[in-house]
Amino acid sequence: MTVRTAEFVMAIVLALCSIGLMIKSAELNIGWIEGRGPGSGAWPFWLSTGMLLCCIATLWRWFRKATPESRNTNLYMTHETLVIVGTSAGAILFLLAATHWIGIYASLVLFLLFYLKFVGRHTWMLTIILTIGIPVFIFCLFEWALKIPLPKSITEPLFYPIYDLMYS
Amino acid sequence: MGDILGLLAGGLAQAFEPVNFSMIILGCVLGLLVGAMPGLGSVNGVAILLPITFLVPPTAAIIFLAAIYYGAMYGGAISSITLGIPGASTAVATVFDGRPLAQAGKADKALTAAAMASFIGGTISVVLFTLFAPPLAEFALKFGPAEEFSLMVLAFATFIGLGGDDIPKTIFSILIGLVLATIGLDIISGQPRLIFGDISGFLHGINFLVLAIGIYGIGEMLWTLEQTKGEVTVHKVKLSMKEIIADIKDVKEYIGTTSLGSMLGYFVGTLPAAGATPASLMSYGIAKTFSKEPETFGKGNVSGVAAPEAANNAASTGSMLPMITLGIPGSPTTAILLGGMIIWGLRPGPLLFSEHPEFVWGLIGSLYVANLATLIINLMFIPLFVKILTLPFTILAPTIYILCVVGGYAPTQTMHDVWLMFLFGVVGYLLRKLDYPVAPAVLAIVLGPLAERSLRQSLLSSQGDPLIFFERPISLACILIAVALVLVPVYQKMKRKKNAEQGEQQT
């Protein structure tokens, strides 16, 4: 896909989102309520209308080739970019999905193992130190210092002995 | 004046309290690190690290974040000089002369000049801040909802007039930020709004941090990976105490233009859309104009490194002025600081000076201390920071991602917000590739609830008559300046078109 096509597609997608937001806001009162001022849907409704107008302006400029992006026929995503950005985005996606299933700490271990060993090709020594060190640091910072429990899902029972130590 | 000095002394004493002082040191070191990493600047550091400030009281928290802000401004120069890649957009102008100096084996000279200039810029701007903030806050006490709303309109107009980005895309960015801020329960009627697919996660609204971390953590890292392809080459820096002292003596070469650049930087910094990047470019221009050897600029002139560094530090202090006194952030970083203040239960704006003087003066006092601390830490550990730059992205990137994920979870403790953050990060990255500016959206999501409340209160008090914004003098002035700002790019465009037509006719 060229940058020019991407500019067009993005403007269309954003325009559709704006219309969606307008419809959603219009479910509430978008007019004037006597004694209470503007209805709760008015502000988001007019803002979304403004968004739609901006998208139309962008499309008009695209049509007239007025912006640098609308004249650019280079690739929007080169193969190299796709690989480097896709790996990162994919790995985070896995980290989030796995957190629901096996909890954040186990997911962090797998995430780091993948990134350090298979993407970075670091030594096993460094990989193991960081794969254990970073989750331990996060645990100490959040659970112990900030008292914010992070999601653990099915791995929760494994943490009982640590809780006993922390709160005894 | 005597009052100010007394309050300032109190603030300085507060900055030296053990908790606050350790926060300053920690903040400066982290700021220097974040600033030095290519692509990451103060805004990324502040966004990613804000969740961990829940650990300490609000005063210590803001001191920590302000120290990061300062440190990052110093740190940006390190990668500009040794890598030739700006550590943040605010350090772009530092590359012009910093890179040639490093290539000529004079990286030490450039790094010392950057540190000294940052110190000069920081000091001048903090003094200006101390003098201007109290009277401005007192003036702002007269503001009612109509003035507040007009002031926000003015803040957004600066993005359109001075941002330099595509206008429809800039407006879109502002509007989507404001719409995202309306999701959740309506502040006045209590009705749920824009709850997509009846997902309960939307009921508590979208925390500004979710958008800020998504865009400035994940989105920025993806962007940096694309730009650098994960590869960087570092110029060697040899530095001994003796050389640093010799380099410090060069300060007389650039102190004049640097002081001028600092004052300029401070005032440009107070404008929401302008800020540190244009300030540093303008300061570079001034230094070149006033130089006796303008032809050496771009080839390795120390003044060319000093001028932008002084201005970007001064601008960072400048951007705190409207945040503290008016409750309108002067930069994306201060927008996040402002959001943080709301989370800590403070109401930013003029009342802050009378209701929480210990908070305001503690912050001002800490700025003086942070400035000096950063200078010393920077000069002492330059070789160490340069070493950290060689850290491969396969270690840096996953660490940043993990901090983003846990940082996005911390404020509301729902996975819903973490997913949203990831979505914002990816979409923000894709939009940025098409030249949609993202900073206005972050500013808008922070100001959104305040803007809506002041608009609705104003309209309610005027029985729905929008003329209220034009009848009150301060409000009218803000609206008129806002309109003028929006018209600036339109006028420039017409003028260019006219010139081009005239040019065609002549040929």
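**Figure 1. The two domains of chain A.** The domain assignment divides chain A into domain 1, covering residues 3–71, and domain 2, covering residues 79–167. In this model, which is predicted, the C-alpha centres of domain 1 and domain 2 of chain A lie 39 Å apart.

**Figure 2. The side of chain A that touches chain B.** Between the two chains, 54 residues of chain A are in contact with 52 residues of chain B. Elements that each give two or more residues to this side of chain A are α1 (3–26), β2 (37–38), α2 (42–63), α4 (79–119) and α5 (124–145) of chain A. The largest share comes from α4(A), which supplies 17 residues.

**Figure 3. Chain B as a whole.** Chain B is built with 22 helices and two strands, and its C-alpha atoms fill a box of roughly 70 × 70 × 55 Å along the principal axes. The radius of gyration of chain B is 23 Å, which agrees with the value near 23 Å that a compact globule of 507 residues would have. Of the 507 residues of chain B, 61% count as buried. Among the contacts in chain B with a separation of 6 or more, 79% are between residues 24 or more positions apart.

**Figure 4. The largest nonpolar core.** This core holds 208 residues, and those with the most contacts inside it are B:Leu211 and B:Val442. Helix α4 of chain B, residues 58–82, gives the most to the core, with 17 residues, and the core also draws at least three residues from each of domain 1 (3–71) and domain 2 (79–167) of chain A. In soluble globular proteins, nonpolar side chains tend to be buried together. Leaving aside neighbours within four places in sequence, B:Leu211 is in contact with B:Leu180, B:Ile206, B:Phe424, B:Ala441, B:Val442 and B:Ile445.

**Figure 5. Helix α3 of chain B and its surroundings.** Helix α3(B), which spans residues 42–49, is mostly covered, since eight of its eight residues are buried. The buried residues include B:Ser42, B:Asn44 and B:Gly45, along with B:Val43, B:Val46, B:Ala47, B:Ile48 and B:Leu49. These buried residues of α3(B) pack against α2 (18–36), α4, α9, α13 (302–318), α15 (332–343) and α18 (393–409) of chain B.

**Figure 6. B:Leu379 and its contacts.** The residue B:Leu379 lies in helix α17 of chain B, which covers residues 357–389, and B:Leu379 counts as buried because it has 20 C-beta neighbours inside 10 Å. Not counting residues up to four places away in sequence, B:Leu379 touches B:Thr112, B:Ala115 and B:Ile244. Although B:Leu379 and B:Leu111 are 268 residues apart along the chain, their C-alpha atoms are separated by 8.3 Å.

**Figure 7. Two loop residues with positive phi.** In chain A, A:Arg121 is found in the loop between α4 and α5, and phi of A:Arg121 is near 50 degrees, a positive value in a residue other than glycine. A:Arg121 counts as exposed because it has 10 C-beta neighbours inside 10 Å. In chain B, B:Leu194 sits in the loop between β2 (192–193) and α9 (208–228), and B:Leu194 has a positive phi of about 45 degrees although it is not a glycine. B:Leu194 counts as buried because it has 22 C-beta neighbours inside 10 Å.

Methods
Residues numbered from 1 in each chain as written. Chains lettered and ligands numbered in written order. Predicted model: local features only at pLDDT ≥ 70, side-chain atom pairs only at ≥ 80, totals over all residues. Core = buried A, V, L, I, M, F, W, Y, C linked by C-beta atoms within 7 Å. Buried ≥ 20, exposed ≤ 12 C-beta atoms within 10 Å, placed from the backbone. Helix = DSSP H or I, 4+ residues; strand = E, 2+ residues; numbered from the N terminus. Domains from an automatic or database assignment. Contact = placed C-beta atoms within 7 Å. Rg over C-alpha atoms; globule rule 2.2 N^0.38 Å.
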